[in-house]
Amino acid sequence: MAIKRVAGLLLLGMSGLALAQTSAPKPKYGPWGVDYASMDKGVKPGDDFFRYAEGTWLRTAPIAPDKARAGYNYDMPDESEAEVRKLVEDAGAAPADPKMRRITDFYGAWMDQAGIEARGTAPLKPWLGRIAAVGTTHQLVALMAEPGFAAPINIGVSPDSKDPTHYTVDTGQARLGLPTRDYYLLPDAKYVAYRKAYRDYIIQIQQLAGIPDAAAKADAIIALETKLAQDQWTPEARRDPVKTYNPMDRAALNKLAPQFDWTPVLAKIGLGKMPIVVVAEPSAVTAAGKAIETTPLATWKDWMTFRFISDHAQYLPKAFDDARFGFYGRTMQDVQSQPERWKRGVRLLNDYLGEAVGELYAQHHWTADTDRQMTELIGDLRAAYKEKIDNAGWMDEATRKEALAKLASFDPRIGHPAKYIDYSAMTVSRSDPLGNAIAADDFQWKLQLSRLGKPVDRGLWDMNVQEVNAYYNPLMNQVTFPAAILQPPFFDPAADPAVNYGETGATIGHEMGHGFDDEGRQFDAQGKLRDWWTKESADRYTAHAQKLVAQFNGYEPIPGVHIKGELTLGENLGDLGGLEAAYAAYRRYVARHGEPAVIDGYSGDQRFFIAYAQSWQGKAREGALRAQLLSNPHSPEEYRVNGIVRNMDAWYAAFGVKPGDKLYLAPEDRVHVW
């Protein structure tokens, strides 16, 4: 349930007010925390609040040629990446500290383009040789289960949804070469063109590797993936935590999909002692098993070969790397050029040695004062949520009691982990970037295995300290805000408190709200997948939620491509409920400190909503937006503003929105989460 947005700023309390009114440093953006230059005051707030807050920026700001999107959420990572680069390059080529040496060797191997070109395709040979040596379907599925190789299903280790204090084994459908099943199945000309480009890419990758009969093999690979896609679950269906929780013993697994040789394969990869496997999408796993049986072994080997080369093309000579970018970047996302090499290297460090890098980042970019202010803001949000739950008219007393218990057990983590992952068992070479990637995959798998049989470690983080993002984990009932997100515009100690509540507060509220959205609400105070709602409360909640589904189904960001209201429901509920809670928290602040002065003609409530809208500054290339609409549970930024504020009574009051304004909804048509 991680949100693909930057988790907000914070500040508040008397300290924030004092900073904003004294000679302390000025806000980074504008006189009180938002950028006037981005606004278009010629737009009526009630007609298009997103463009009122961001219209000039939307018209004039370019999307960088190496990006699919622009805006705070996509540009802020540039800062943290530059900071990581400096930390790594300042350490030199051969630092004495083994932790730092592991980082610099990984980065150095990636940056050695001359060495990569000189080695050519030689690094591929041992891995492709293992695929070529496969002679039976038993050997095929055994190899598919190993780190680094593609498979039609995934196997992993995670906390058990019904007992989140212990780990379990899980399996389900795996990703294919195109972003989602829709790209294989939709008949529109746009998707036909994508499929043709994908075929060309498969041919190109094989030809670069010297593989004969590339066209015929490409046709067989696409036919195989199309067959798999037909039986995969939709993104909407995969959001259901009950339907995707199907624990099975060996007998049930062998009945479900005997082609995967469950008993010997699980034993081979270290899971032989685990009696139960939780299957996420049973029908898709069955279909994948049948495909193992009915598809020629040679086609599966061709598919694995192509996928191995494609998945690791960035570690190979430039021709491979350019081919992969040409399809996945330029064709699918409309991105014009590759990011600079060092940026990609930093992103790989974040992927494979993320906590080692994060430990360094936190030492330089985290302060006790930020910790203190964030704790204060979370406290206000917790109080606001308690008030909301206490007064929720649709919630009966039995459900309310459980909801308050869940709120009380929220575990907020900010800044950085208390303990970092130890990477000392991971082998890194200064001259083998492909080998480093496989070694990292192997390390992560062994790390998962090492947790089996032990209590779930609640101290683990699912995001890096240097990541500009935030998330809620329903199994742990935790909200997590990494250090990198707590910077302007999302956190600015010098900004007006209304700004910090509208940006950081709404983000914290969003994450806390995931505990009560359509998916997260199915987990209790201990993180167990358990229905703790009475039927009456659940029915009333669902009626509210379906109204929001209908609203978002009506939005059409690309002609012919609508937002999927069911797919985005959880995030839309998080946005709306989070903004409701953040506004209530802001009014608590005002009650303590007095009604704020009007600044440059804007009241405190107006500043709150403008800050919220600017926090969603963003635009996307059409290819990236299309992929988002088909598969991503987050609505595009415009609708995370306009689609949310039009349900907020306080927004109508703040800006005098009346019938006839384009965003106006009659009071009875507005959705209130709380």
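Trainee: Are α18 and α19 roughly parallel or roughly antiparallel to each other?
Mentor: α18 and α19 are roughly antiparallel to each other. Keep in mind that this is a predicted model.

Trainee: What angle do the axes of α18 and α19 cross at?
Mentor: Roughly 175°. The axes of α18 (residues 368–390) and α19 (residues 397–408) come within 10 Å. Angles over 145 degrees count as roughly antiparallel, so that label applies to α18 and α19.

Trainee: Which residues meet there, in α18 and in α19?
Mentor: From α18, they are Arg-382, Tyr-385, Lys-386, Ile-389 and Asp-390. From α19, they are Arg-400, Ala-403, Leu-404, Leu-407 and Ala-408.

Trainee: And how do the residues of that contact divide by class?
Mentor: The contact of α18 with α19 has six nonpolar and four charged residues, and no polar ones.

Trainee: New topic. What is the strand order in the three-strand sheet?
Mentor: The order is β6-β8-β7. The sheet is open and its pairing is mixed.

Trainee: Which strands stand at the edges?
Mentor: β6 (411–415) and β7 do. Each has a single partner strand, so one side of each is left without a neighbour in the sheet. From one strand to the next, the twist averages 20°.

Trainee: How many bridges join β7 to β8?
Mentor: Three, and the two strands run antiparallel. As one example, Asn-473 has Gln-478 in β8 as its bridge partner.

Trainee: Which strands does α18 touch in that sheet?
Mentor: α18 packs on the sheet and touches β6 and β8. The direction of α18 makes about 150° with that of β6.

Trainee: What about Asn-477, where is that?
Mentor: Asn-477 sits in the loop between β7 (471–473) and β8. Its phi is positive, about 55°, although Asn-477 is not a glycine.

Trainee: Why point that out?
Mentor: Because most residues other than glycine have a negative phi.

Trainee: Is Asn-477 buried or exposed?
Mentor: Buried. Its relative accessibility is 0%, and the cut-off for buried is under 20%.

Trainee: Where does Asp-600 lie?
Mentor: In the loop between α23 (569–593) and α24 (604–615). Asp-600 has a positive phi too, about 50°, and it is not a glycine. Asp-600 is exposed, with a relative accessible area of 51%.

Trainee: Which residues does the cis peptide bond join?
Mentor: Pro-488 and Pro-489, with omega at about 5°. Pro-489 is in the loop between β8 (478–482) and α21 (497–513).

Trainee: Now the four-strand sheet. What order are its strands in?
Mentor: β2-β3-β5-β4. This sheet is open, with mixed pairing. Its edge strands are β2 (153–160) and β4 (246–248), and each pairs on one side only. Neighbouring strands are turned by 35° against each other on average, direction ignored.

Trainee: How many bridges pair β2 and β3?
Mentor: Eight, in the antiparallel sense. β2 and β3 form a hairpin with two residues between them. Ser-158 stands opposite Thr-168 in β3.

Trainee: Do β3 and β5 run parallel or antiparallel?
Mentor: Parallel, joined by three bridges. Asp-170 has Val-278 in β5 as its bridge partner.

Trainee: And in what sense do β4 and β5 pair?
Mentor: In the antiparallel sense, over three bridges. Asn-246 has Val-279 of β5 as its bridge partner.

Trainee: Where does Arg-175 lie?
Mentor: In the loop between β3 (163–173) and α8 (182–185). Arg-175 is partly exposed, at 48% relative accessible area. Leaving aside neighbours within four places in sequence, Arg-175 is in contact with Arg-307 and Asp-311.

Trainee: How far apart are Arg-175 and Gln-232?
Mentor: They are 57 residues apart in sequence and 9.6 Å apart in space, C-alpha to C-alpha.

Trainee: Last one. At what angle do the axes of α6 and α14 cross?
Mentor: Roughly 165°. The axes of α6 (residues 125–132) and α14 (residues 297–311) come within 9 Å. α6 and α14 are therefore roughly antiparallel to each other. Their crossing is right-handed.

Trainee: Which residues make the contact?
Mentor: Trp-127, Leu-128, Ile-131 and Ala-132 of α6 do, with Lys-301, Met-304, Thr-305, Phe-308 and Ile-309 of α14. By class, the contact of α6 with α14 has seven nonpolar, one polar and one charged residues.

Conventions
Residues are numbered from 1 along each chain as its sequence is written. This is a predicted model: local features need pLDDT of at least 70, side-chain atom pairs count only at pLDDT 80 or more; totals for chains, interfaces and linings use all residues. Side-chain values use heavy atoms; hydrogens and water are left out. Axes are lines fitted to C-alpha atoms, for helices over the stretch in contact, and angles run from 0 to 180 degrees between N-to-C directions. Angles under 35 degrees count as roughly parallel, over 145 as roughly antiparallel, 65 to 115 as roughly perpendicular and the rest as oblique. A crossing is left-handed if the near helix is turned anticlockwise from the far one by less than a right angle, and right-handed if clockwise. Contact means heavy atoms within 4.5 Å. Ala, Val, Leu, Ile, Met, Phe, Trp, Tyr, Cys and Pro count as nonpolar, Asp, Glu, Lys and Arg as charged, and the others, Gly among them, as polar. Two strands pair if DSSP finds at least two bridges between them. Buried means under 20% relative accessible area, exposed over 50%, partly exposed in between (1.4 Å probe, protein chains only).
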